[in-house]
Amino acid sequence: MIGAGPAGSTVARALARRGQRVQLIEGGPVVEPPPSSDVFEALAGYGRTDLMAMRTEVQAPRPYAAAGGVGGSALVNGMLKMLPDPVALADAWQLPGLNAARIQRSLSRALGDAAPAAESGRSQLDSVIDELSGSTDARYFGEGNRRPSWLPTPDVLLTTNTRLDRLLRAEGGVVGVATAAGEMLEASRVVVCAGAIETPRLLWRSGIAHPAIGRNLVDHPSLAFTVPGSFSTRRATRLALMSSTSQHANDLLVTTYDRKELVLLTLLRAKSSGWLTADMIHLNQLSHPYDRAALRSGVRQLALILPQATGPEGTSLDQISRFSDDDLDRWMLHHEDGTYHVAGTCRMGVSAQDNVVDPNGQVFGFNGFYIADASVFPSLPLATPQATVMAVADAIATALS
């Protein structure tokens, strides 16, 4: 196993339960106790900014926040626990064998029931959420206000602070890994769970070439607005779903961060895609006309509830909502900030022509080599992705065992 984030930990647990010997290799350290549940505090302490990204075609490159250590991106994410609709996901992906029933079984094994936010009382921004249709209690990973630990079970050998140089290849397959320190580790199977950015780069370093590697990069586009006023330090306990059109229901997510007085508007049904290079992440956000039209709808709906909110440059949401479509598109392209839900760069599909792995997670053309992280997603779910990452990882691991 390569990568000890939610995907890697899920695969390791699934294989170990079936009596298989598992070595879980992580490039970063164990972080104990887990970082603060507040995403901004966690990023300040454990965020990596050595990656560079262009979010849209008009934005300059800037550091891309990620994390390194046992837990992967779950060390610094918002912890929001949104379960995908198995039927909708299976219909969207159209992968033989990965039907709604299998996704539901994997969700149950990997996650169990989602627990509602445990904090008592009401956030001051919760009243904003309540004015939107479809509001519901927020649910979070972990217990109460504590970020979960991602340490594996005792029957999994965990190796940390181990950077990988490349995969070891032989006779049409992958037979192990070589570390940056020169150590060769052999294995009957290698499962990579390094994420949508690092997994393609590991393949490239290993001399694996395929036109689809690093392509089809997707993220949920997002806009942030500041709500002036005095707010509590509690995490908001409500979220809301809005619909951009009558045909596309619940494709806009509204969440709040009281500590920063922020309201975030996120498009869940995004159609834009980007790509990776060796030294740059090209997200290419809002390049698809549908994404711009859907997010415009969200901006104008949110302005009816929060006209006094302001964009990053200080313009009121009421003013922004009155822009022409073209002017609003230009404004969004300059201020889109994303959600760091990157996926799709080693896409799963039925043929090797446009995909990297088959519906069981095996890399086309390579025996004993699998990928089981968000890089295999054909598209993003209509939800924050961590639960889907864990479900897919469990489904692939179950097929392996």
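T153 is partly exposed, with a relative accessible area of 30% (partly exposed lies between buried, under 20%, and exposed, over 50%, using a 1.4 Å probe and protein chains only). You'll find T153 in the loop between β4 (136-137) and β5 (156-159); strands here are DSSP runs (E, at least two residues), and helices are runs of H or I, at least four residues, numbered from the N terminus. The C-alpha atoms of T153 and A16 are 8.5 Å apart, although 137 residues separate them along the chain.

This is a predicted model, where local features need pLDDT of at least 70, side-chain atom pairs need 80 or more, and totals for chains, interfaces and linings use all residues. Residues are numbered from 1 along each chain, and side-chain values use heavy atoms, leaving out hydrogens and water.

**Nonpolar cores**
- The largest nonpolar core has 66 residues, and V11, L167, L203, F369 and F377 have the most contacts inside it.
- A core like this is a set of buried Ala, Val, Leu, Ile, Met, Phe, Trp, Tyr and Cys residues joined through side-chain atoms within 4.5 Å.
- Helix α10 (residues 386-400) supplies the largest share of this core, ten residues.
- A second, separate core of 30 residues includes L125, I129, V299 and M332.

**V11's neighbours**
- Leaving aside residues up to four places away in sequence, V11 touches M1, V191, C193, A372, A393 and A397 (contact means heavy atoms within 4.5 Å).
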